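Hi,

Here is the structure I promised to pass on. Have a look at it first, and then read my notes below.

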Amino acid sequence: MDRILVGLKRVVDYNVRVRVRSDGSGVETDGVKMSINPFDEIALEEALRIRERGDAGEVVVVSIGPGDAQQQLRTGLAMGADRAILVETAAAPDPLTCARILLELVNREKPDLVILGKQAIDNDNSQTGQMLAALWGRPQATFASKLVLNGATATVTREVDSGLEILEVDLPAVVTVDLRMNEPRYVKLPDIMKAKKKPLDQIPLSGLGISMGDAPTVKAYEAPQQRQKGVMVPDVAALVAAMKDKGLL
Amino acid sequence: MARILVIAEHDGKRLNASTAKCVACASGIEGADIHVAVFAETGETLAAEAAGLAGVSKVIQVDNPANAYPLAAVLAPQVAQLAGAYTHVLGPSTTFGRDLMPRVAALLDVNQITDIMQVLGSHTFKRPIYAGNAIVTVEAAAGKQVVGTVRMASYRSVDSTGKAAIERAVVEAELPGHSRFVSLQAGKSDRPDLQTASRVVSGGRALASAENFAMIFKLADALGAAVGASRAAVDAGFVPNEMQVGQTGKIIAPELYIAVGISGAIQHLTGIKDAGTIVAINKDADAPIFEVADFGLVGDLFKLVPELEKALRT
Ligand SMILES: Cc1cc2nc3c(=O)[nH]c(=O)nc-3n(C[C@H](O)[C@H](O)[C@H](O)COP(=O)(O)OP(=O)(O)OC[C@H]3O[C@@H](n4cnc5c(N)ncnc54)[C@H](O)[C@@H]3O)c2cc1C
């Protein structure tokens, strides 16, 4: 195939313990570490492996959001992507708008495969890939843990609640990946230097002729109810007694 | 008035418990008139089961050979077609619903409300973000249809005292042939289902091998419990993926959850926040799991688990 398109979202790093601001105005994002959404990193790794096997010509990474997402695109280029596109918006758009933007890029770039993360770990929406597939009128294979290409089709193993489902889809298609698909490579210093010379296109949202859609509005943020730390028991007998006391046995 | 369409989840034989939970969520919307749509090859028994769910006024049975296996690309245009007459379309936040509903939402030109945990109004809901580290109140776009997925751990199934009418429907929609089901490798087990069990025992990386994990199964059997695992245990191949509990596995709410050799990473805790009682067994007294455990026991699991199993059997 000629081209694989991969989405990279800039999100709060998964190791950061996210907290709601005390005034309830949002979550604390000042000064916290930002990274590529971990699922997207796996999506990119998969695309790179396909290209390295000789099954794809180029890998294009795309991010949608404010200008600082360039950092994540540069990381993607350092991992091995050939070029990057940043669609600049004031804030990260809602999933449907993202899907519309990706569709416009799909029409321009004509990829044979779009690989995205199965969800972004900030809003946990898990919508964009499915929506892109719907608007594009193409197959979707979500929550994928294995991807095998056979010319005009792909065989995808999906992690579903009851086990592993195998789906065959015609290409082009949208695949969203789960964590067990692969382990992303580490970026080496020389690659970071090389990545600086790779092309990164910046397109303002208006340049695509798309406007922000009707995102659900957030009315309030609150911290989740915290569980109370319980008691430590000295041994198995005490544990059994405690569970009996609580009516659990 | 809210006219709500719930999309039933099933395996062709029985409804998944998620359907009764979606109906419970729908019942929380004021003035709800709830219909359940059953898409199947032959959905007669499924429709009859759905008709028994309390609060449902009508079941729409859509039989089609194309619906023999639930493919999002095939179901979505049919759901979108039916959805015209409704203000809300709800599905479960299981892998079935998470696959299907956003595709439906896009066809209806709306964003989806993912993981509804509480209904505050016809268009206002609470949902978790950042792996449950924050809860937001969101308002769906006014004057548009609401498409949502329902967070399973937040709702209890409605009971089966209903007597809804069943209507067969033919949905005229163009169905794509570009996606084909090949196979499903489902774990077979006589143990209770992880997602609905009232007791769950989970094992982590500390079990160190598939052979050792048998210890967790034995403990679970002594309790009549379902078995779960951390991501580390699944990644290491001790147990299959469908047993993973957490942000990217199953979000569960059993009455009793026993975590054995699990550190309590935030992504794991996301999956058990709503458990009634959490018991943790870990050799590290500083393991984060103890911060949320109701009962904590520090020690070597290879000694404590057989001891606990024995104590429970006597
Ligand atoms: C995007 C993302 C999503 C994720 N989703 C999930 C998810 O859905 N579910 C999930 O579980 N994880 C998830 N993770 C992984 C998570 O961060 C942790 O890595 C994982 O939960 C660790 O599993 P564990 O507790 O079994 O292993 P460890 O963290 O290695 O903990 C093992 C524990 O066993 C204890 N131990 C060792 N030996 C013994 C012994 N002999 N007796 C008693 N105790 C012993 C240790 O003290 C330690 O606390 C996710 C991570 C990311 C980045």
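Predicted model: local features only at pLDDT ≥ 70, side-chain atom pairs only at ≥ 80, totals over all residues.

Chain A first. Its secondary structure comes to six helices and 13 strands, and its C-alpha atoms fill a box of roughly 65 × 45 × 40 Å along the principal axes. Of the 249 residues in chain A, 54% are buried. If you take the contacts in this chain between residues at least 6 apart in sequence, 70% of them join residues at least 24 apart. The accessible surface of chain A is about 10,700 Å², with 49% of that belonging to carbon and sulfur atoms.

Now the charged pairs. Searching the whole structure gives 38 salt bridges over all chains.

Start with A:E45 and A:R49, which form a salt bridge with the closest N and O atoms 2.7 Å apart. Both sit in helix α1 (residues 38-52) of chain A, and because they are four residues apart, about one helical turn separates them. Are the two partners buried or exposed? A:E45 is buried, at a relative accessible area of 2%, while A:R49 is partly exposed, at 31%.

Next, look at A:E58 and A:R83, whose side chains meet in a salt bridge at 3.0 Å, N to O. A:E58 lies in strand β4 (residues 58-65) and A:R83 in strand β5 (residues 83-88), so this pair ties together parts of chain A that are 25 residues apart in sequence. A:E58 has a relative accessible area of 16%, and because the cut-off for buried is under 20%, A:E58 counts as buried.

A:V187, A:L189 and A:I192 form a surface patch, with about 250 Å² of accessible area together. A:L189, which is found in helix α5, is exposed, with a relative accessible area of 61%.

On to the interface. In terms of contacts, 85 residues of chain B touch 75 residues of chain A. The two chains bury about 6,900 Å² between them, and 52% of that is on carbon and sulfur atoms. Which residues of chain B lose the most area to chain A? They are B:N111, B:Y130 and B:F295, together 11% of what that side buries.

The polar side of the interface is worth a look as well. There are 47 residue pairs in polar contact across it, counting pairs with both residues at pLDDT 80 or more, and nine salt bridges across the interface. One salt bridge pairs A:R180 with B:D235, at 2.7 Å from N to O. A:R180 lies in the loop between β10 (173-177) and α5 (189-195) of chain A, and B:D235 in helix α6 (residues 231-235) of chain B, so this pair joins two chains. A:R180 is partly exposed at 22% relative accessible area, and B:D235 is partly exposed as well, at 38%. The side chains of B:E291 and A:K229 also meet in a salt bridge, at 3.8 Å from N to O.

Cheers

How values were computed
Residues numbered from 1 in each chain as written. Chains lettered and ligands numbered in written order. Heavy atoms only, no water. Salt bridge = Lys/Arg side-chain N within 4 Å of Asp/Glu carboxyl O. Buried < 20%, exposed > 50% of the residue type's maximum accessible area, 1.4 Å probe, protein only. Patch = residues over 30% accessible without salt bridge, like charges linked within 9 Å, V, L, I, M, F, W, Y side chains within 5 Å. Areas by Shrake-Rupley, 256 points an atom, 1.4 Å probe, with all protein chains shown as cover. Contact = heavy atoms within 4.5 Å. Buried area = accessible area lost by both parts, 1.4 Å probe. Polar contact = N/O pair within 3.5 Å; in protein donor to acceptor, adjacent residues only side chain to side chain.
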